[in-house]
Amino acid sequence: MGRISLPESTAPGPTKPAVRALVLWKLDLEPDDHVVDVGAGTGAVTLEAAQVADRVTAIERDPDRVAAIRTNREASTVEGTVSVTQAVAPEGLPDAADAVFVGGTRNLDGVLDWIEQVAPRTVVLNAARLETAVRAITEFRARDFDPEIRRIAIGTGQELAGETAIEPQRPVYMIAGTPGGGA
């Protein structure tokens, strides 16, 4: 997987490069997969997924972020495999998906209902807020998605008084599951 560069950003999100690596590991993508990125932000997960999967659909409600995704897509090597839709999910979601990443949790129940209906092989949801993580875990269990739960806390080395201190980033909760029992 190559490095991505995002020339356009609207605001820093919780899906930093190290977290994206873990998301992609849990998505376990195949070359012929159709990946859906719900709440795609500026498209970081979308573009990384497109380096593996044949087709990626990004859904984002915010018009400035949609413009950022399109700019970032055009600056990448995967432009032809990524489609971008401005919509408030579950509106605009496709009829099928092999893997789903949920980075935006607005209308979570509707999005999870859609996931339950299309039964992708895997779903990964990231939450920056504890309450959102608890709600997602509860809803994954209610839908029999068999959730795996991780709290990801990344720190990076920073110079402090001539030595190195670890500067923590905000933790992210990653909930991964298998809709339809992984069948």
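Tutor: A53 touches E30, P31, D33 and V35, leaving aside residues up to four places away in sequence. Bear in mind that this is a predicted model.

Student: Where is the place of A53?
Tutor: Look at α2 (44-50) and then β2 (55-60).

Student: Is A53 buried or exposed?
Tutor: The cut-off for buried is under 20% relative accessible area. A53 has 3% relative accessibility, so A53 counts as buried.

Student: Which residue in β4 is the bridge partner of V35?
Tutor: V35 is one of the residues that A53 touches. Strand β1 (residues 34-38) runs parallel to β4, and four bridges join them. In β4, the bridge partner of V35 is A99.

Student: Which residue in β5 does A99 stand opposite?
Tutor: β4 also pairs with strand β5 (residues 122-127), in the parallel sense and over four bridges. There, A99 stands opposite T122.

Student: Which residues of β4 are buried on each side?
Tutor: In a regular strand, side chains alternate between the two faces of the sheet. Strand β4 (residues 99-102) is covered on both faces. The buried residues are A99 and F101 on one side, and V100 and V102 on the other.

Methods. Residues numbered from 1 in each chain as written. Predicted model: local features only at pLDDT ≥ 70, side-chain atom pairs only at ≥ 80, totals over all residues. Heavy atoms only, no water. Buried < 20%, exposed > 50% of the residue type's maximum accessible area, 1.4 Å probe, protein only. Helix = DSSP H or I, 4+ residues; strand = E, 2+ residues; numbered from the N terminus. Pairing = 2+ DSSP bridges. Contact = heavy atoms within 4.5 Å.
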